[in-house]
Each structure stands twice: as C-alpha cells, then as structure tokens.
Amino acid sequence: MTFLLVFIAVMFIISALVWALAMGARLIDRQVEQWPLLWATALWLCVSVPALGLIISLIPSAAAHDALSVFSLHEPLQSIGLMTGGQLEPVAETQLWNFAWVKSGLIALYLGGVALTVSKLAWGRYRIHRLILAADCADIAGQDDVLVSKLVQSPFAWTPFGQPKHSRILLPKSYRGSVSSEQIHDILIHERAHIARRDDECGLVMRILLCLCWMSPFAHRLFEHWSQATEIRCDMAVTAHRDPQMRKAYADTLLQALHIAAGRVQQYPAASFSTQRIRNEKMRIKHIMDGSQPAFKRLRDRLVLGGVAGAIALTGTLAISTTAMADPAPTSKTVNTVINPIVSGVVTSKFGPASDPFNKGKTRNHHGLDIKAPTGTPIYAPADGVIRAATELYDGKPAYGTVVIIETEGWTKTMFAHLDAATVEEGQWVAKGTQIATVGNTGKSTGPHVHIETHVNGKRIDPATVWDLLPNN
C-alpha cells in the first residue's frame, strides 16, 4: 500500500520536472515542438523512472543495497529504538500517513481513475474498430484501404496494433461534393504519413502511459505536445516541396475540414486530420505557410536526446531507489542499542501488541521480541541447556525460517527464528555463551533479524523478563 502511494507521489513530481525540462528545451529552440520523439520520451520517463526506482528498492539483496548506497548522499540508517520513560519504543515505520483509511482512500481513487481511463481507451478503440467494419469502400482507384462513413466528421488513419499492412483511412461521407479531389489527395498524403510513422500505434502506447499518470496535468500537457508534433510532421509530408500557393491551398483544406468538423465529438485516434484545439491548428497553419522542413533527423540529435533521457532516468532511478531503501532518520531522543551476551542488535518489535509489518495500519499480538542485526551476527546460548531443535522447517511452519530451540532449567524453552544458519545440532548440550546460530533473513521476514520466543511450562512469556534483552538507561 505504501509502495503505491510513494509511486503516485513520485510520478507526479517526476512528470512536473520532466515537463519543466521539456518546456525549457522548447524555449531554447522552438523547433522541438515538431519533434514527437522528444515528447514521447518525456512522457515515458514520467512512468518509467518512479517505477524502476521503486522496483529496484524492493530487490531483497544486500549486495544490491550496498551497491546502490554508493550513489546515496548518506549512509543508509539502521532502524532504531527510542527510550521513553525507561522503555524502549520502536520508531514507527512512517509518520506521514497515520490513518489507514486515508491511504486506502487515496489508493482506491488512483486505481479507480486508472480503471476508468483504461476502460474509456478500450471502449474508444473498440468503437473505432466497429466503425471501420461498418464503413464502405471509397471507390478511389488504386486505394482500396480508403473507406467512407457517415458516422464520422473528420478523416483519420487507423492501424491494428503491430499490423501496419492492415491500416485503413476513414473519410467522412459528407466530403463527397464538398471537398475537391485535390483536397482529398492532400488529406490522404497526410494520413498515409501517419501510417508510415505508425502514429496510431504509438498513440495507443502513449495513452496507456497517460492512464497510469492520469492525475498529473503535466503528463497530459506532454501528451498534447506529442499529438501536436505528429500532426505538424505529417503536414510537412504534404507541403515539404511545395510552393507558397500550394501550401496556402493545403492550409485552406485544413480550415475547411475544421469547419465541417465543428462541434463534433473528439475521435479516439491520435492520427486525425483535424483537431478541436484552435491554438494547435493555428500553429499547424503557421508551419504550413512557412514551409517548415522536418527537423531533428540527424543521428546526433537522437544521440543527444538519448543521452539526456538516459541521464535523467539513471539519476532519478538511483535517487528514488536509494531513498526508498534507507530507513527512517533518527530523532533527537536518546538512541539505545541492545548489546548483551545473547545477541547484539537493535530492538524493533517487543512482546505484545505491535504494528503488523505485513498489513500496514493494522496491529497484531507479537509473541516474541525482534532484534535487528546484520546477517551473520552470532547468537549465543543464554544459559546452560540442551538443544531441542535445529531445523530449517520447525513444526511444519516455513514462516519461521531456520530455527534453534534451547531448553534451560525451570522447563524454559527459548526459540530463535529467521536464522541464517544453526551452529549446533539437536540433542547437543551447550554451555552459556556458546554460539548456537547466526542472524539471518529466512522464512517470512522483513529483513535480517532474530525473532526470540520464550516458553515457561508451555506458556509464552515476554523474553525480556527472562533474559537481559533490553538496554539499561
């Protein structure tokens, strides 16, 4: 639950930063507004950077943790306990969200938004597919892929994902008699440029990314810039080698299409000849009349974009992963570490009611005492006794991981669970202070630690009342 909340927050922040960088590039060079690859890369970074950073932070590997900590501005902090009134109180995992219902509500809102936007996208795609199936042949010589329909008001190109050979161009039936054959020819060149560039398929991927970050207005703006750039590039395919008079004729075609499509419902496809945004159409007409040529075709430009995007992705991913892997910072209260003849480490959970690490926001009755320590930390016998168990599967419960149980005088049995390894064998007699195991992270565990349970006459009691497991003031 916390992971998803962090993902939402980081995605919003990353999208704002990426949008700001893209706008900065646009101010430096206005030509970037006609470069779809730049805007598509920016939208991809909005989702990939937080996702990769948080996924890496979840890798259960000490080696990965140590490797990433090199890039951190500080050493990862260990979990700590706080002395309050003579009692050791574990620091809460997070103080940012105190109410489980708030977290649940935010996550439900986000997932609901994702589900709604994805369903609208799927319905739009399905609706366009039905329009294609119901359309009639346009009867244009040598162009069997051109269809007409009375149900659409603006031409567009449609491509089944991954099947560009089965692309179709759909024209409004109302164009017959109102749009000249020369204008139809220009519109078809524009739409075939979309097909050649595979804009409809790219648009589907862009919209899926937009569904994942629907709450960010910055992501929506990046998508709008991408859509506008694809239209400008396809306009260039029509006007690249034309004289001013022919470019003006093409601009008139665009204006006529806008007039016919006035008040229409926005279509699903990204590759639509005309759009509803007047400001975007003004920019398109400006590029048409200026006779703009396609920019950013050189390998150098692509390498620069790839380098900048890679640097942003690497920096953001490492920053997010190292921050997520770091434990909460200490407060100004007294910090105490358990150092005793049994095991040296940090108490993270005491006997009795405690927060449930596997169900955030809930509590559980903790039957033992947890001490966090690095994997391999030695554990010593608390008293003379006999080893009653030294196994990797105790009582048929794999959640305990590797377990050692020692029985001492007074019918007292003490279990040490989640061990890395046992250094004794069942039935062996050991003296107080003999190493019996090492701290590990086996079984159902949140990290390297040892879970200690003590039973007296078959009844669980607080291990701290039997053994010296809590620090003194």
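The structure is a predicted model. The chain has a mean pLDDT of 76, and 72% of its residues reach 70 or more. Its largest nonpolar core comprises 34 residues, and a further core of 22 residues lies apart from it.

**Confidence**

- Residues 61-98 have pLDDT under 50 throughout, although the model shows 70 contacts beyond four places in sequence for them.
- A further stretch, residues 327-339, also has pLDDT below 50, and the model gives this stretch 36 contacts beyond near neighbours in sequence.
- Where pLDDT is low, the predicted coordinates should not be read in detail.

**Nonpolar cores**

- The greatest contribution is that of α2, which supplies 10 residues.
- Beyond the residues up to four places away in sequence, Leu-38 touches Ala-22, Val-32 and Leu-305.
- The separate core of 22 residues includes Ile-387, Leu-419, Ile-436 and Val-450.

**His-225**

- His-225 belongs to helix α7.
- The relative accessibility of His-225 is 6%, so this residue counts as buried.
- Setting aside neighbours within four places in sequence, His-225 contacts Met-23, Arg-26 and Trp-39.

- Four strands form an open sheet in the order β3-β4-β6-β5, and the pairing is mixed.
- Strand β5 pairs with β6 (residues 168-172) in the antiparallel sense, over three bridges.
- Phe-156 stands opposite Leu-170 of β6.
- Helix α5 (residues 181-197) lies across β4 (146-149), β5 and β6, and runs at about 145° to β6.

**Strand pairing around β11**

- Strand β8 (residues 346-349) and strand β11 (residues 369-372) run antiparallel and are joined by three bridges.
- Val-347 stands opposite Ile-371 in β11.
- Strand β11 is also joined to β18 (residues 449-456), by four bridges, and these two strands run antiparallel.
- Lys-372 stands opposite His-449 in β18.

**Cysteines**

- A disulfide is a covalent bond between the sulfur atoms of two cysteines.
- With a cut-off of 2.5 Å between cysteine sulfur atoms, the model has zero disulfides.
- Cys-46 is in no disulfide, and its nearest cysteine sulfur, belonging to Cys-213, is 5.6 Å away.
- Cys-46 has a relative accessible area of 0% and is therefore buried.
- Cys-202, by contrast, counts as partly exposed because its relative accessibility is 35%.

How values were computed: Residues numbered from 1 in each chain as written. Predicted model: local features only at pLDDT ≥ 70, side-chain atom pairs only at ≥ 80, totals over all residues. Heavy atoms only, no water. Core = buried A, V, L, I, M, F, W, Y, C linked by side-chain atoms within 4.5 Å. Buried < 20%, exposed > 50% of the residue type's maximum accessible area, 1.4 Å probe, protein only. Contact = heavy atoms within 4.5 Å. pLDDT = per-residue confidence, 0-100. Pairing = 2+ DSSP bridges. Axes fitted to C-alpha atoms, helices over the stretch in contact; angles between N-to-C directions.
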